Amino acid sequence: MPDLVDLCARAVAGARDGEDVEAYASAGQRTQVRVRGGEVESLTFADSRGIGVRVITGSRVGYAYAADPDEDDVDALVERARESAGFAEPDEGNALPPLVSVEPMAGIYRQTQSGVETSRKVSLALEVEHASVSVHPDVHKVEAAGYGDSVSWMAVSSTKGGPLEYARTDSWVTVSTLAERDGETQTGFSFALARGIDELDWEAAAREAALRAVRLLGGKKPQSERTAVVLDPVAAASFLGVLAGALSAESVLKGRSLLAGRIGEEVAAGSVTLVDDGRLLEGPAVAPLDDEGVATARTPLIEGGILRGFLHNTYTAVKLGERSTGNAGRGGYRTVPGVSPSNLYLQPGEASLEELLEQVGRAVYVQEVTGLHSGANPISGEFSVGATGLRVEDGNLSGPLREMTIASTLLDVLGSVVALGNDLRFPLGGGLGAPTVVVAEMTLGGA
C-alpha cells in the first residue's frame, strides 16, 4: 500500500476543537492496450495518487484536494478546506459517518497482477482480436479490441475513526467486431472482467462479439405493433442505468426521482427483485467500503415488486432520517462524495434462454438499444429509443431486425416483466447487471 494511510493521519491530526475532518486518499496504476489490424494502435500507462480533505464546522463543509502531495501539502489542504467551510451555507446534512473496522475482502486483490509484463498484455490484446476474426467468415476485422488493467488503493480516516483501507485489482478485455456481407456492415460488442489477467474468459468474449454482429446481417425494418419483448442482458442492463438515478436518495432530495414517496408500494411485477450489493464478489464494483469508509452491504431496493428504499450516503441518510447504505461514491479524490450504485442488478430467475423463448412463442428479441440517455426522461420514466435485434417465432430466434424503436415507461416495463432468465451478467463494464428479461408488451416502432 502506498503511504495513503500516513497522509490521511496527517490531515486528521490537524483538526481543531469543534471540527470534524475527513481525509480520503487514493492511488492507482492503469494500463490500456488498443489493437487493430494485428498492430498496436495505442499503449498507455497512467499513475495517480492524491488526497481530498473535508472539514465540517458549524454544519458548514469545505473541501480541498491535491495530487501527489507530501505531508506539508496536507497541512495546507486542511487550512484551505477550513477556509472554504467559512464561506459555505450551514446544512444539517453535513456529517461524517463513524468509521468502524470492516472485514477485509481478500478475493478482490491479486498480488501477481502488478508483476504482469507489458508484453503479455499486448499479446493478449492481439490474441483477442485474432480470435474474434476467426469465429465466422463474415467477420474480417474489428472496430476496436483491447486489454486493460488497474491496481488501485484507497484509504480513509477521520475524527470519527479509521484509518480504513483496501486494495483491488481489475483486468478486462473489450472487443467490437465488424461483420460484412453484400455491402452491409453490423457491429457486435463484448466485454470480460476478472481480478487478474489469467482469470479472463477472453475467448468467450471474442466469440460473443463476432456472433452478435453476424446474426444482425440482413436485418429488416419491422412493422409497427404492440408486442412482447425479450431484452438481452446487455439491453436490460442499459435500462438499469436510467433507473439507477431514480433509486438514489440524492435524486429524491432534488425532486428528480419518479419513485419518490412510494416506499412500501408496488412499483413492479412480483417477479422483480432489484438489489444493490457492493460485496458481490462477481460484481465489477465490489469493495469492502464505500468512499466514505462505510461498510458496503446487500441492499434490496425492489423486493417482489415492492419498493423497499433508496441508496444513501451519509448526507442523504441524515437529511431523510435513514441510514447510509454504503453507497457513497466519488469521482476520485478531487470530489466530495455523492450517491452511487455499486453492483446494481436484477435478481435472475431459473429459466434458460431457450426455455424463455419457448414460453413467449412470438416476440422481438432486443439485442442492443441506442440513444437511451437522450431518449429517456429520468423523471417521468418515458423513453423511446433505437433498437436492433431479432424476431422470435415459434420459440426460436429468427430473422434480424433493424431501424426500429421501442417505447414505453420504466414503470410500465417493470410492471410488465413476466419472466427472468438464469443468465445474470454485468455486460457493460460497470456495476449494472441483468439476466434476460421478458416484458409482456411494448410499443415497437418500424414501418
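**Exercise 1.** Among contacts in the chain between residues at least 6 apart in sequence, what percentage join residues at least 24 apart?

*Solution.* Start with the term: a contact means heavy atoms within 4.5 Å. Counted that way, 71% of those contacts join residues at least 24 apart.

A quick note before going on: this is a predicted model, where local features need pLDDT of at least 70, side-chain atom pairs count only at pLDDT 80 or more, and totals for chains, interfaces and linings use all residues. Residues are numbered from 1 along each chain as its sequence is written, and side-chain values use heavy atoms, with hydrogens and water left out.

**Exercise 2.** Work out the strand order of the six-stranded open sheet and find its edges.

*Solution.* First, the terms: strands are DSSP runs of E with at least two residues, helices are runs of H or I with at least four, and both are numbered from the N terminus. Two strands pair if DSSP finds at least two bridges between them. Next, read off the order, β3-β2-β1-β4-β5-β6, with antiparallel pairing. Now the edges: β3 (60-67) and β6 (184-194) each have a single partner strand, so one side of each is left without a neighbour in the sheet.

**Exercise 3.** Look at how β1 and β4 are joined.

*Solution.* Find β1 at residues 19-36 and β4 at residues 139-158; 14 bridges join these antiparallel strands. Then pick out Ser-26, which stands opposite Met-154 in β4.

**Exercise 4.** How many helices and strands does the chain have, and what percentage of its residues count as buried?

*Solution.* The tally is ten helices and 19 strands. Buried means under 20% relative accessible area (1.4 Å probe, protein chains only), and 53% of the 447 residues qualify.

Key. Buried means under 20% relative accessible area, exposed over 50%, partly exposed in between (1.4 Å probe, protein chains only).
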